[in-house]
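Please open the model in your viewer and keep the selection tool at hand.

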2 protein chains.
Amino acid sequence: MEIIARIRSDFSGKFGIPRQSGLVEALGAEIVFEPEYRVEEALRGLEEYSHIWVIWGFHENAGKEWSPTVRPPRLGGNTRIGVFATRSPYRPNPIGLSCVRLLEIRHGAEGPVLCIAGGDMMDGTPVYDIKPYLPYVDIRPDATGGFTDRTVKRTVAVEIPAILRERMPAEKIDALEGILREDPRPAYQDDPDREYAFEFGGKRIRFHVENSVLKVTEIY
Amino acid sequence: MEIIARIRSDFSGKFGIPRQSGLVEALGAEIVFEPEYRVEEALRGLEEYSHIWVIWGFHENAGKEWSPTVRPPRLGGNTRIGVFATRSPYRPNPIGLSCVRLLEIRHGAEGPVLCIAGGDMMDGTPVYDIKPYLPYVDIRPDATGGFTDRTVKRTVAVEIPAILRERMPAEKIDALEGILREDPRPAYQDDPDREYAFEFGGKRIRFHVENSVLKVTEIY
């Protein structure tokens, strides 16, 4: 398995990354090919697809032992589910699968760069393959979703004071709000006094959550 | 990348395999775990999902050179498309991605075996990962499909004489008809005198196609 590209995203760490691809559509990122794969021809026709599959590596988990069961955050963190019944990163082969929107193929000094939206990958993530999303086979209207059908999608209201909002590049505000709306906290934590922090777009974001309202307290 | 399982299917060769997963729902297959991955717990909860993703290797193509462009059979075989705009097997990393229906998890001497339908993998295909198909993120209703939106889905009428039909195990007849209905010929071949043959379920099937009617001429 060769690394054909790397993700360039606003996440320097894992906290805050949406739990699945497609949840935060305002979240932009880029797929930058490795020098030997900067071949324009290899992408011919891809611009006609609205969505692509990205097969990538959980490089932060490489070499770690896998466990037959995991505790999905969406189930409150204390129910054990088989690893193959989840998209958990702690798998025998640490491979990730994401469906993202293809916004544009930019051409420049780095060769063709795929501008994508709705990703869930950390900055620097190695990419092994890119495939078109084929609606006629990839949309399975009758599919049922196991425990994900029964868990309530929990979102929170987001408050970012105007003075902090200005510290964020304008084009990243929608994405930041989208990330926060998904509530990045583990599902089993609901302590209004607990302060959380993560990095996004080169800024450090601090927040706490009380009564389903997420308040940003610092951006620096 | 470790092989966690192998596909057990009725295809000993590539010819006849549906072009994508999900096209022939009557086509059954099995995913048999390698001895060290026969861990019942690792599948706990998977039975609640109707569909799964299988990430696997095009082992027949391993080690072959990749080409930046390929000629998809659906485009008649003479239009070049970038390899990343197709699901072609000749990719920098020969990884396949299939969505299949999960019929049952059987438990026995081989550990847990996943009984699946709608696959597009050869017998012996190495499997690297299994993930649940998550309808809430994997169904993208607004996705557009590039050239696959414009090519007409070409199926043929299938005729299998009663005397040949009896030579096939009864439970494989529907699958065989489904495979043939998809017209396994390359799109650019339409010669009524040309005879085709392939192996399916341990039998050799011979057929020819005239005026969109596929006639099976021999099963042995």
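Is Glu30(A) buried or exposed? Select this residue to begin: Glu30(A) is buried, at a relative accessible area of 17%. For this tour, buried means under 20% relative accessible area, exposed means over 50%, and partly exposed is in between (1.4 Å probe, protein chains only).

**Before going further**

You are looking at a predicted model, in which local features need pLDDT of at least 70 and side-chain atom pairs count only at pLDDT 80 or more, while totals for chains, interfaces and linings use all residues. Residues are numbered from 1 along each chain as its sequence is written, chains are lettered from A and ligands numbered from 1 in the order in which they are written, and side-chain values use heavy atoms, with hydrogens and water left out. Colour chain A by pLDDT, the predictor's confidence in each residue from 0 to 100: its mean is 93, and 99% of its residues reach 70 or more. The model's scores are ipTM 0.93 and pTM 0.94.

**Stop 1: salt bridges**

Side chains of opposite charge can pair when their charged atoms come close. A salt bridge here is a side-chain nitrogen of Lys or Arg within 4 Å of a carboxyl oxygen of Asp or Glu; over all chains the count is 30.

Strands (E, at least two residues) and helices (H or I, at least four) are DSSP runs, numbered from the N terminus.

Next, select Asp129(A) and Lys131(A). Their side chains also form a salt bridge, at 3.0 Å from N to O, and both residues are buried.

**Stop 2: a four-stranded sheet**

Show chain A as a cartoon and find the open sheet ordered E9-E12-E11-E10, with mixed pairing. Two strands pair if DSSP finds at least two bridges between them. At the edges, strand E9 (157-159) and strand E10 (196-200) each pair on one side only. From one strand to the next, the twist averages 30 degrees.

Zoom in on strand E11 (residues 203-210) and strand E12 (residues 213-219) of chain A, which pair in the antiparallel sense over six bridges. Val209(A) stands opposite Leu214(A) in E12(A).

**Stop 3: a loop residue**

Last, select Asn61(A), in the loop between strand E3 (51-57) and strand E4 (69-70) of chain A. Asn61(A) is buried, at 4% relative accessible area. Leaving aside neighbours within four places in sequence, Asn61(A) is in contact (heavy atoms within 4.5 Å) with Lys14(A), Pro89(A) and Tyr90(A).

How values were computed:
Axes are lines fitted to C-alpha atoms, for helices over the stretch in contact, and angles run from 0 to 180 degrees between N-to-C directions.
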